[in-house]
Structure formats: C-alpha cells, structure tokens
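Here are my notes for you to read with the model open on your screen. Take the points in order and find each residue as you go.

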Amino acid sequence: MTQSTQAPLLQMRGIVKEFPGVRALDGVDLDVRAGEVHCLLGQNGAGKSTLIKVLSGFHQPDEGTITWNGEPTSFSTPAKAIEHGVATIYQELDLVPHLDVTENVFLGHEVSRAGFTQRSQARQQVRDLLARLGHSEISPTRIVGDLPPAAQQVVSMARALSHDTKLLILDEPSAVLDGEEVKNLFRVIRDLTEEGVAVVYISHRLEEIREIGDRITVLKDGRTVATGLAVADTPTPELIKLMTGRAIEYVFPPRPEEDRARGDVVLDVQDLTLAGVFRGVNLTVHAGEIVGLAGLVGAGRSEILETLYGARRASAGTVTVDGKRMRRGSVTATVQAGVGLAPEERKSQGLFLDEAVFRNITMSTMGRFARLGFLNRREERRRAEELTTSLDVRPAGVGRAVRTLSGGNQQKVVLARWLLRECRVLLLDEPTRGVDVGARSELYQLVRSLADSGVAVVVVSSEIEEVLGLADRVLVVREGVVVHESSATELDEATVLDLVMEGKVSA
Amino acid sequence: MSQDSVRVEQAALETEREPNPVLAVLRTSVGRNAGLVVALLLICIVGAITAGGRFTDLDNAQTILRLAAVTGVVSIGMTFVIIGGGIDLSVGAIVALSSVWCTTLSTRMMAEDTHWLVMVGVALLVGSACGLVNGLLIAYGNIVPFIMTLAMLASARGLAEIISDKKTQTLGGGGVDVGGFNDFFNRDLLGVDVQIWLFVVVSVIGWIMLNRMTFGRRTVAVGGNPEAARLAGINVKRQTVYLYVLIGFCCGIAALMLVAKTTTGSSTHGNLLELDAIAAVVIGGTLLTGGRGTIVGTVLGVLIFSTITNIFILNNRSFSEQSLFKGAIIVAAVLLQQRLASRNSST
Amino acid sequence: MSQDSVRVEQAALETEREPNPVLAVLRTSVGRNAGLVVALLLICIVGAITAGGRFTDLDNAQTILRLAAVTGVVSIGMTFVIIGGGIDLSVGAIVALSSVWCTTLSTRMMAEDTHWLVMVGVALLVGSACGLVNGLLIAYGNIVPFIMTLAMLASARGLAEIISDKKTQTLGGGGVDVGGFNDFFNRDLLGVDVQIWLFVVVSVIGWIMLNRMTFGRRTVAVGGNPEAARLAGINVKRQTVYLYVLIGFCCGIAALMLVAKTTTGSSTHGNLLELDAIAAVVIGGTLLTGGRGTIVGTVLGVLIFSTITNIFILNNRSFSEQSLFKGAIIVAAVLLQQRLASRNSST
Amino acid sequence: ACTSNDSGGDDEADTSGGTSNAASGSNDEPGDKVVIGFSAPAADHGWMGSITASAQTVADQYDDVELRVAEGTNDVSVQISQVETFINEGVDAIVLLPFDGAAMTPIALEAMAKGIPVINVDREFDDPNAARVTVLGDNYGMGVSAGAWVCEQAGDNSDAIVAEIAGIDSLPLTQDRSQGFKDALSECGLDVDNRVAADFTVEGGEEAAANLLQAAPKIDFLWNHDDDQGVGVLAAIDNAGRDEFQMIGGAGSANAMRAIQEGDSVLKATVIYPSTQAADGIKLARLLVQGKSMSDLVEVEVPRTVQLYAPVVTADNVDQYIDTAFES
Ligand SMILES: Nc1ncnc2c1ncn2[C@@H]1O[C@H](COP(=O)(O)OP(=O)(O)OP(=O)(O)O)[C@@H](O)[C@H]1O
Ligand SMILES: Nc1ncnc2c1ncn2[C@@H]1O[C@H](COP(=O)(O)OP(=O)(O)OP(=O)(O)O)[C@@H](O)[C@H]1O
Ligand SMILES: [Mg+2]
Ligand SMILES: [Mg+2]
C-alpha cells in the first residue's frame, strides 16, 4: 500500500487462452503492484484459475503480453516463473503424497550439496517456516499424504514461502480452512505485504476480500469486467452484480415452522465410535430436517459422516435408516437404503475426472436407466441435463469431461448425482467449498427445498455462519466428541466458537 | 500427461454430438483410433507391395484373422481387466490349463458318446474358476494384481503339466464325440472360419458390454477412481471379481479354439500369450493405469501385430530381422496415433 | 487402496521418531518390510528342514546370492523406474545386446592388448544408450513406457541376434585381455564373490540415491504426482530420461556379470529377466503405479525368489510341483507382508 | 561345430573319474551308491520332457543310483546356480544338458576341477576339458539326413520347392540343423525356398505353418524340425486342405511314427533325434563313478564322446523304431 504510486510489478494485457471448445480467457487485463493484496473475483468457471495458471507458467497464453517489473516476459515453464519470484498455491492441492513435509516444501529446489540432500538443515528451515505460519505442531517428517487437507494447505503455504517470493498467488486457500485458520493466514499475508510482496488472492468468500484485500479485479466469462477497484470504495452488492450480472439477496432460505419440519426419524445413529477418531456419537435426523455439524478442522466431522455412510468400518455403534439397521462398513448397502454422500475432497473421492458429466451424475443411479443391464443413454443425458441446468453448471453440455470444469462446477456435479437419486438421507461434507456466491445461495435454496420435500440432510461446514444459517439443529463436535446439541436458532456465532475452541461456553 | 489430456478432451468433444447411432459409433471409434487405422493401412500397403497377390489374397486375410483370433479373444477380456485397473499375467497359463483339463481329466473318464458340449463346458468352467481365484484374492485378499496373476501363472502351468504329464494330449482319447467338436470349431460359416466368427462375436459382445451396459460403466468407474466408485455405492470388490472371471471365461474360449485348431491340449499352449494380449490392448490406447480404453482399439492392436507377423513370413524374412523391425513399427504406429489424435481434437 | 493407506500411515508413524541415524534407517526398513523378512525367514526354515546342512551351508548361501546378483542389479534399476511411474520390459534384451556387443563387435576389431576396461566401457555404453533411446521416446515422444520398452525388447533382441549371428560368443576371440576381465569379475574379496559385491554395492548406491539424494526424491515426486512435480519446477521429462538411462546402465553391469559368469555373450542372455525383476520389485512393496517403493524391499524380493529356486533345486522336486507351489508361496508371502504391515501400523 | 577333439588335458579328468577297473560280470550289477545331479532346459516341449522322464526312468532302474533333478530352466544364470548347488552338495557326477553349451562351460570346468565328472549331453561345451564324457545327438547330421531324404525323393526335379519350419531360431542347435539341411540339399541342386521358425510348441507350429502355407502356394517338400510342433503343423496343413507335398519330421515322436505307419497324411518320414541321450548319460555317469567300463568295448575306460545316429524313419522301417519313440 505504501508503494502504490510505483509502476506495477506485474502487468497482463489481453490474455487469451483457449481450450478445445472453450475460450477460458478472452482478453484479460490485470495489474498488480508490489505490497498490495489484489483480489480476483468471479463466478465458477469465470477463468480465475486459468489466469493464474498462465501467470505461473503452467499454461501458455494464446495471445496477450505479460510485463514483469517493467520488462516483457514469458513464463514458459513453472520453473521460469518460480525463478522470477512468482510462487503459487493452486486450487487443487499439488503435493506429492508419499514424500514428507520437508521434501514437499523444498521439492525442485532442494537444500543439497553435491546432489545429497541436507536433511537436518532443510528440516530446521521447514520448522522455522511452519512456526512462522503458526503451525509448529506439524512435524517436518510427516508423510504429506497422511495430513488432513488443512494441514496440506499449510505445507503448500510453506513451500510458497520457501522461495524468494515477489508475487504470491493464492487460489482459494481458505476453502479448506476454518475461521481460526483463515485469521492465521491473513496474519501471514499481512507480514508479507509489509515486506513488499504482492499477493493475488482468490476467494468466493466476500467477507474475506473485505478484510484482507486492497484492490479487486472482477472476471466474468473470461473477460475483465472491472479492474483496480479499491476494496474500500466498492460495496458488496456491487461486486456481486459485477460478478453475476444480477443482484442477489445473499441470505439463507427461511426455516419452516418448527413442528411442521419434524417428520419421522429417518436416520438414527447410536453410540457410533471409530477407535482413535471419535466416540459415542448419537445423531437422529428427522425427515425434512437439516442437521449441521460444526467444529474445527480435524475435529472428526468428516470421519463421522464417512463412518455412518459405511465408508469406514465403525468399531462400535449402530446406524439405522428408515428403521433398517445398516451393515457395518458397507457403502453399497447404505446407498441402497437411500443415503448419499457428497464427500469433502471431490476430486479424489467424488469424481471420475475423465468421464463425461452425465456419467458422473448417473453413477449411483445407473440401475434406473438400465434394462437387463443395457443403459438408456438418451434418458441418462436428459435427466442429467435437467439437473445441470437447474444447478447452472457451466459450461453447459453433459458430454464434457468433468476434468475440464472449474472447481466450483465440479462440486455441483457431485451434488447433482445425489439429487438425481432422490435420497432419503443426504450427507453433505463442505458442500459450498469453492462454490461462488450466486450458486451458493441457489444451493442453500436447493438443500432447503429438498428438506421440505422430506429428505433428511446432514451438513458439515467449517463456516459457522453457514451451519447456523442453513441448519435447523446444530451439533458441535470437538476432538471426536459431540459437546453440544441444540436448535440453530438458540445459537450465535460467538457461542459456537467458544464451544468449538473450549468445549464449553465461556462466561 | 499431455497425451492423456489430449485424449480426454477429444473424448469429451466426441460424446457431445450424437446423431445417427450406428454412424456415430463408427465415426467415434474410427476417429478415436484414426492413427491405428492409418498404421494398419500403411502396414497393409507395405504387405501388398512386398508380397503382392499372396498378401492381398482373401485366403491370406483369413490366415491373418485366424492367427489373430485366439489372442484377440483373450485381449478383449484383457481390455476389461486393464480398464478396471488390473492386469492379468496368467492368461496363457489358464489357456494351457483349460486346454489340458478339457482334453484329459474330464473327457477321458467320460462314458462313450458324451456330447462334446461337455468338453466345451469344462474348458469354460476351468477358465472361469481360475479367474475367480484371481479375482477373489485380488479383491478380498488385497494382493496386487501383478503378483497374484504371476503366482497363478506359475501354479496353473504347473498344474497343467502335472495333469498332462507334460505330454501333448491329442483330441479323441476318451469317450467324447470329437468329430462334432472338430466339425463345429473348424467349420466355415459364410465362407469364414468359425474361429474368426468367435473373435468377431466376442469383440461385439465386448463392445456392447463396455459401451452400452452398466457392467462396462462400472468397470470404467472402478478403474478410473476406485475410491469415488466405492463412495458412489458401487461394489468395487465384486466388480473386480467379475472382471477376472470374465477374462478367465475368455481364456476358456481361447483354449477351445486352440484345441480345435491344433487338435491337442498341451501345457505349452498359450506360451507368452499374456504379453501379446497386453501389448495389443495397450497399443490400442487403453491406459495401463485403468479407467479408459476401447474395444475397437484393442481389435486394431491385435490385427496390427498379426499382420506384421504375416507380412514378415510372406517375405521370408528371418525372425531376427522381424523383431528388429517390429520394435520400430510399434513405435511408429504409436507416434502416428498420437499425432492424428491430437489433430483430430484440435479441429 | 486400503492396503496402500495402511502403508502410508505406518510410514508416517515410523518417520516420526529418529534417534540414531543408522539404527533408525535399519528399524524403518525392517519395520516396513517386516512381512518380507518373516517370509524370507520362513522360507529359510523350510529350506533348513527339508535340505538340512546342504541348505544352511555357507557355500549354499553364496550360491543363492550369486544367483540373485544379476537379477538384483537390474531390479535396483527397475525400482527407480517403477517408482518414477514407468516400467521397463526391455531389460533382458538390453542385457543380451550389451553382452553380445561387448564380446563381438567392438572387441574383435580391437588391436592386441587392448585393456579389458574397454569391454566394460562398451557394455555400459550400449546399455545406457538403449536406456537413452527408451527414455527420450517415452519422455519427449509421449510413448507409453510399456509399449516403448516392449518395442525395445523386440528390437534389441533382434539386433543382438543379428550381431551374434545367433551364435554364442565365447570370450577372448579378439585382442582384449580377457584374463584380466575374468580375474576381476570372478575374484573373491574377503571370501565373497565379486559378483555378490557388485550387487551389494549397487544396492547401497541405489539406497543412497533414492533416500539421500535429490535424484531419488525427485524420482518419487515424478512418479507420485507428475503434475505437482512439474509445478514445483522439476523437469519431469529430463528426470524420466535419467531413469531409463540409469536402468540401461544397470543392464550393462548385469551383462558384464553374465559375460564373466558364462564367459560368453549371447542373444539368449537375460531371457525373461524383465519378469523376474518386476516381480521382485513389486513383491518388495513398490507400487506399480509409481510414487512409492523401497530398495530394501526389492533386495528382499530378489532374495525370496532366488532362495525359493535354490530350495527347490536342493529338494529334487518335480518341475511341475515346483511351479505349482511357487505360486502359492508368492501369495502367502504377500498376504503375510500385508498382515504384518497392518499390525505394525496399529500398534 | 567341433566334432572330434583329441585328448589334450583329459588325463586329469580321467583320474578324477575313478580308478579303472576291468568290468567283471554285468555292468548292471549293483555297485557303490552313486549320487548324480541332473539339469536340463525347461521341459517345455515333448522331446525335452521325454529327455528328463527317460533319465528318471533309467535312474529308477538302479538301486545304487540316486538322481537329483533340478528344475528345468531356460535361464543360464539359474542353470549355473543349479550346477553350483550340485558342487556344494558334493554329488558324484553331474549330467548336464545345457541351455547354452558355451555359457555353461565355465561352471562345468569348475565342477571338473573339483573332481566331479561332468557328462555333457546334446548341446556341446566349447571346451573339451569341461566334460569327461560327451553324449551328442547330431543336429547337423539331422539336417543332412532330412536333406538327403528330400534329394532322394525329388530325384532329378531340380525345381522342387522346399520349405522348412525350424524350431527356436535363436538356438545354436537350430542353426546346425538348418545348415545341415542346406548343405545336403545343395548336393542335389536344391535350396530352401521358404523358411519360418516356430518355437517347439504345438501352438507355435500351427501358427508358423498357417502363415508358411500362405506364403508358399505350392510346395513339394517340407521339413519340420520337431515332431512336437509337428502336431500343430499337421493341423494347419489339414485346415488349409493342402496335400500336394511330402513332409519329413524331426526328433521322432511316437505320434509322428504312427502317422507314418498309417501313411494317410503328408508326413512320410521323420529323422530321429534320440530323446534317450540323457538316459545314456545317466548310465555312463554310473559306470564312470563305479569305475566300470562299457562292456561291449574292449577299452577299459568309458569313451570321451558318444555321438548318436540320426536315422530317417519311413513307412518301410517304422516298425523298428516305434517302440522306443517318445510320446510327445
Ligand atoms: N484443461 C481444460 N480443458 C478444457 N477446459 C478447461 C480446462 N481448464 C479449464 N477449462 C475451462 O475454462 C473455464 C475457466 O475455468 P477456471 O478453472 O479458470 O475457472 P475458475 O474461475 O477458477 O472457477 P472456480 O471458481 O470454479 O474455480 C471453465 O469453463 C473451464 O471449464
Ligand atoms: N493440523 C493437523 N496436523 C496433524 N493431524 C491433524 C491436523 N488436523 C487434523 N488432524 C487429524 O485428522 C483427523 C481428522 O481430520 P479431518 O480433517 O477429517 O476432520 P474434520 O472434522 O472432518 O475436518 P474438516 O473441516 O477438514 O472436514 C483427526 O484425527 C486429527 O488428529
Ligand atoms: Mg478455480
Ligand atoms: Mg473433514
């Protein structure tokens, strides 16, 4: 902010990038100054990730110029970009699962002498970096594949900081982080900008932009619709309008009358325990009810969902769906009983990236489109198209491979699968991770209307606001134990935070 | 990776349009395998130039196809297994065991005039049973497919040797009506050998199963992302077992074809068949890591290999020269396939 | 999948603590491969019981190790290639070509008294050159490793046959000082055969390269997540080329060992070596999909296979029974490794 | 190939083979216990299977012979290891049919140096000192016999089209057979017009023959190196409906002889390549260790080289051979 009068560190002009069938970037301009936090906004599929991939040397632009420190440059490989001081944290985690934390941090620029890695020296440096990021509890020798997503995000951060960075790009870093973690992240970002490092920050959480951003560039359908907006002078509704082209009442759908919501018990979980992770979880969900699970990252909420879904084998306890007791550790049986799960990590757990959108959507409902094992593909496509239209998946076209969709749109595809199945119970793990503002409010509406039609919904989210706004009833999970249960209307954000952190409400 | 993503994009584009079903199917298959088709054509042209009428002869076409048939049937099964994320090194051994079992153990003990279909049944059963063992131990015993089927390779060959006492078993020692068997498997239908018909039928069924049935869809899912498939409610382990039983069944068919063709069952049948089959599948564009592949590609792969062999023999070239050039031709075919595929996708 | 995650967790547990470096290395390696160690011990106990002193004899231990040495050297290279996400089917053929080349082409044309190191150089050069061709076409030509190395297998063997005219080449036809060569490679060092030392040295260097050098860490990255490796600025293609050159070099060493052992170069050397090497690597716990593997596991895998072979020789069993049991033993060893690995991780 | 090798340094080998002792009474009378190690290539086809089986049968006939059979292998490293194991165990003699004669020479030399006599069967070492006794089939002679038969049948038709289906082409023995065939044919002005290689298996024979028949629309004579693969070759000929030529086989399996006897197929003759070589090797090893000699010879020592004859079997003399033929 101090050097805002200076020539921009980075100048991108008229960047065009085409993929087969899609013009992902169609003449984008971006100016970034040293020492500022420049936010990149746009709906899912607007081209944000593509733009930063051009910037980091991953993609080569078809047209356009990049000026770095006043000199025309082309970042022909990621290595080149890193050399110039551009460090990137990608939307998809980009770590090597079987290497340890230290090795991941220094991958490609190892601390070495004559080809031999200097392990203790490197570990010390990683320890320092992690401490600087406020995560000295992560051991530099842990295998990265074992870490939960949040901790992996921290490792990515440490890697970015391990370079001599002039420009740091963060593509939705907060998606896997909870409130506390985000604050921590912002502290680090502020430290960096103090030192004159420029930051490009992408997020769908507008309140974060308000808190950390200096200037904003908005993308829509691969074009720059506004650039260099000062955060302070731009009200949120205007941003939303720039992104989506319409005004959105950014509110949660109204809850129905208390007693009308309470149908029969559909999902009944008793004393569910997974040794070493969580224990004694009791959870009853009625038809038409939305139950939220709040807690810190690592509290074990995902594991609860996965265990009651049968994806992990419970060490004790029972799960009953519609009065029918589920066999332990059998996803197939649970799905047959009418339960669906939208998992936390959509890429590795939810999607078949090389398959067409419609095949992904009908994956759990295939039987319905088949007679004697023969599929009726026309019908499949038709139903899939209905859903993608109603969820506004972009670009349209259910024959497109899911890999080519943007992150948020991929999430919609996973949801569509379970919508199609017309589940009795829907388990949503971080359903709005990476989903843009417009789609997010549509999604809330959708979940509510599903509940209204009699579905029992369980939602896990790291955004306390979301849990409180969407759910009828909230369970607070802390270190594998449910510490509190009450109606959502009886709670406020501060109370939940206390519960999450301390396990009790502080006076 | 880049090659991979090219394929993906291309596939994405192609599934977009879908006018006339049959035409569309043809266009998609040929488009996706343009390079292989061109490679095969080039090879044929070389054949026609160097060997002239002896190559272009209809009889020779039958010779090539007959040569391709046994490997072909097994390769179709292998396509499924590889798409499903596995591999099967034991196919040759299973073929040997099936051929020996159906020509000795069972048939020699039979009463006179047992129908030859019993022999057919035995071969298919033995093949499927071996596949079942593979499948169960891979799916539920969590043994890596490579190792499990390597173990099966050793065991099945060993058992075949014990049963046959390492002697070539000529058909017709027992009570089975061998004449009927031979008549059936060596008959001509519309001027084409039954063995070739079998290859065609297995390929067509394979194509339908892979592209038009839930079975194929599940196979792709299981190979593409087993964790996601499991969470989507697919019984991944059961599907895995099915896949190995399927290839075992194909081995049974192949064993019968070999028995009819050579009038023998032998523990040496199907030697190194696994390599031929895997090579045909992989050159046909199926990813060894699973999740993606085509039957048409596999069929083209099988044909490419058997045509090359045929041309070399017609030209009376030595075996060494043959292998020296085979390597070069394979590389050329793959490069061609790549170039054409990427051109296709960019238009 | 579940098996995989178990391993991961276990590894995580083990890397946590780290007191005395050497002890830690040993403990980690043994812990991670507990099942293989136990399997090897069990196999040895069976050997001791059935063959008694003939098995436990020190000479017999050397025999086992000498048998393991050639496959072992190649398997170390194979470990790198597979961890790096590739596979090499051409190792046997490259060994054959190197052996033939260094015993004929180059050496026969040499002047008298050429130092035998020239022969060594030729073998290593030929091996590395084949690897280079593999690597370049895989990395820059985007040919799937399976197909590329299969093509190399055909071509290298064909070339070896042409060069040698299919005759076994006895050492010492040319001007090279064969005595020195033989003396060196067949010498005893501290009572142990040089061939065994070579295996030990290659293994130790392999372990250091994989675990303590950037080269190995990059190999893991390239195999585990090529995209991430590229984003981190690693030249994935170049690393891939290095890996195939490395295994080619190992093949060169193996060829020299074979030449010394048999005093011949031959186009039949190293027949099916690829299968042995891949099997040893995979049974040693290296993932065929890349990104994970250990040198210690590979060494244990090689030893398990050669010990089994040795015990069968000692026990005078019929061939067929042997292969029947070999399959069962392999499966048992893998299951054991799994159970022990998961027990380890849960304590 | 080297045929005769006069004694160079075989005196040492002799002494290690046991003291000479003029045979008194029958050689089959039980003597000292003899432990014999036996190693051969993988029994992956009938002839090789029969080699091992007949060796075992002969060994079983003697109470004083203990035969240790190592797993058949086509990997020289493994075979070397097998011989090493025999040396470690201190067997009395080793009967060795090497996968590759030259490659097994050093280890055989080592065995001889350690005082264990080696009986080399079929595929010859390239050092005469590596074996005490060598029992040879005659691969080159086999080709010559086949070629001579073809010449005889062809008479003065010097345009006759001759085809050849070889065994595994990369083996020296195949090269020898083909060379003999070629040399014999050239004597009567013929040459090989079409040649393919198979792999000694039925399946390989069928494939090779199917393609060969396609390549050569008309054939007068066909030599197939191996009766095992011959089963497949005949099946392919049957399939193609070809009968314009005469075929001669190789090795001499019972199958082939029965076909010759019946005389209704194209197979008119076969050249015997005795599958009893290893059995003879076992017998010689026993005599050697027990210090006996071949009783039909005057010589008091077991000879250095025994080369078996490769006769042509036709319908005329098949009765004479069919009983000793091996079942493939
Ligand atoms: N490899 C690819 N092949 C084809 N199309 C692609 C590819 N990568 C991205 N696209 C397309 O480019 C467009 C922009 O995608 P991008 O990932 O940049 O969006 P985004 O703004 O980051 O969205 P989100 O907020 O959902 O992450 C989308 O329409 C997407 O489908
Ligand atoms: N930073 C960390 N370092 C090490 N281990 C952690 C860390 N965070 C969580 N874990 C472990 O991961 C397990 C649960 O992680 P997981 O992320 O699945 O929980 P969650 O409540 O579902 O969180 P999320 O908000 O990511 O869904 C816990 O057992 C915890 O011990
Ligand atoms: Mg994005
Ligand atoms: Mg979670």
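1. Let's start with a term we'll need: a polar contact is a pair of N or O atoms within 3.5 Å, and within protein one of the two must be able to donate a hydrogen and the other to accept it. Keep in mind too that this is a predicted model.

2. The side chains of His225(D) and Glu164(D) are joined by a polar contact of 2.7 Å. His225(D) sits in the loop between β8 and α8 (227–240) of chain D. Is His225(D) buried or exposed? Its relative accessibility is 1%, and buried means under 20%, so His225(D) counts as buried.

3. Which strands pair with β6(D)? One is β7(D) (residues 192–197), which runs parallel to β6(D) and is joined to it by five bridges.

4. Over to chain A and ligand 1. How many residues surround ligand 1? There are 20, and Gly45(A), Lys48(A), Ser49(A), Thr50(A) and Thr404(A) are the closest. By class, six are nonpolar, 12 polar and two charged. β2 (22–32), α1 (48–55) and α15 (407–421) of chain A each supply at least two residues of this shell, and α1(A) has the largest share, with three.

5. Zoom in on the oxygen atoms of ligand 1. A backbone N or O atom of Thr404(A) is 2.3 Å from one oxygen atom of the ligand. For the side chain of Asn44(A), an N or O atom is 2.8 Å from a ligand oxygen, and a polar backbone atom of Ala46(A) is 3.2 Å from a ligand oxygen. Taken alone, ligand 1 exposes 640 Å², and the protein buries 90% of that.

6. Finally, ligand 2. Its shell has 14 residues, with Gly300(A), Arg301(A), Ser302(A), Glu303(A) and Glu344(A) the closest. Helix α10 (residues 301–308) of chain A gives the most to this shell, three residues. Sorted by class, the shell has five nonpolar, four polar and five charged residues.

7. What do the oxygen atoms of ligand 2 lie beside? A side-chain N or O atom of Ser302(A) is 2.5 Å from a ligand oxygen, and a side-chain N or O atom of Glu344(A) is 2.7 Å from one. From the backbone, a polar atom of Ala299(A) is 3.1 Å from an oxygen atom of ligand 2. On its own, ligand 2 has 630 Å² of accessible area, and the protein covers 75% of it.

Note on methods. Residues numbered from 1 in each chain as written. Chains lettered and ligands numbered in written order. Predicted model: local features only at pLDDT ≥ 70, side-chain atom pairs only at ≥ 80, totals over all residues. Heavy atoms only, no water. Pairing = 2+ DSSP bridges. Helix = DSSP H or I, 4+ residues; strand = E, 2+ residues; numbered from the N terminus. Near = heavy atom within 4 Å. Areas by Shrake-Rupley, 256 points an atom, 1.4 Å probe, with all protein chains shown as cover. Nonpolar A, V, L, I, M, F, W, Y, C, P; charged D, E, K, R; others polar. Buried < 20%, exposed > 50% of the residue type's maximum accessible area, 1.4 Å probe, protein only.
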